[in-house]
Amino acid sequence: MEARESDADVSHGAAFALLGNETRVAILRELWTSATEGPVPFSELRERVGMRDSGQFNYHLMKLTDTFVRKVEPDEDDDSEGGYTLRFAGVSVVGAILSGAYQQAGFDDPVPVDGECIRCGGALELAYEHERANLSCTECDNFTTQSNVPAGVFSEVDLAETPAVFDRWIRSQVDQVAAGFCMLCQGPTGFEVSIGGGTALDAADENEVLVRYECERCGAAVFVTVTEAMTRHPAVISFYYDHGLDLRDEPSWALGWLLDEVTVVSEDPLVVSFDITLDDETVRLTVDDRLTLVEEERLPVEQARA
């Protein structure tokens, strides 16, 4: 992912510099732990953090206040003595820490995947190194799914379950950017559909039709195939449901049609079509460059292959 520089970089740097102290991080974590209890009074918070020097503790707390911590004044109407609570920025920082985004963790050896390569029938495995997961075929180079994943995603998961967890993680991230929110900064995202995706991706064929989701704030970009982008469309979901299947329960590596070559109906404007076959029926979907369903046609398998 690439990110653009911002005019606010200096202020952002100053904000993160406030976190370069173990006491301040401890304050955030204690306020996180006590979030359901309401504001924590100064003296109680100091005791929880385990710092004896009241002056030093106040110094660190004041550095966080208004940026990551909110001071709540006493309320005479309900006898509240006030205290301190996390702002959303503080919640986000603790969430990132707990996610394992700043830790080296995961699993050492590749994990076998329950299923086979939809290209060659070979064995699949999930590897994880340097916070990057890679689900690929052990016998060919034609199937791979990879993404950066915080170590915390796998920290409390049985090894055998990590491929399914990775699959859900990938889907959730694409769902988020498709809904219009950047997975990094929560800024607004837009998308563009093009042949080759407008990029020299190593994993992308120059004739592959890709959807590029890009954040308008930070410039982070995510690429998916047009077929993957359409897995969220009601026409696809209902087709599976009509055949007694819940698409949410189907692992992505088992959906062979995700890697099938789409048919380019028109290049200007870009319109493509692709088939999904279940049992003895095929649904043919025609989609334009705004991911709008132009046409849906259900056909017997024999007719679709003719």
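With which residue does Arg298 form a salt bridge? I found that Arg298 forms one with Asp242, the closest N and O atoms being 3.0 Å apart, where a salt bridge is a side-chain nitrogen of Lys or Arg within 4 Å of a carboxyl oxygen of Asp or Glu. Arg298 lies in strand β13 (residues 293–300) and Asp242 in helix α8 (residues 234–242), so the pair ties together parts that are 56 residues apart in sequence; helices (H or I, at least four residues) and strands (E, at least two) are DSSP runs, numbered from the N terminus.

I noted that this is a predicted model, in which local features need pLDDT of at least 70 and side-chain atom pairs count only at pLDDT 80 or more, while totals for chains, interfaces and linings use all residues. Residues are numbered from 1 along each chain as its sequence is written, and side-chain values use heavy atoms, with hydrogens and water left out.

I next saw that Glu296 also meets Arg298 in a salt bridge (3.8 Å, N to O), and that Asp242, Glu281, Glu296 and Arg298 are linked in a network of such bridges.

I then looked up Arg171, which forms a salt bridge with Asp167 at 3.5 Å between the closest N and O atoms. Both Arg171 and Asp167 are buried, that is, under 20% relative accessible area, with exposed meaning over 50% and partly exposed in between (1.4 Å probe, protein chains only). Arg298, by contrast, is partly exposed at 32%.
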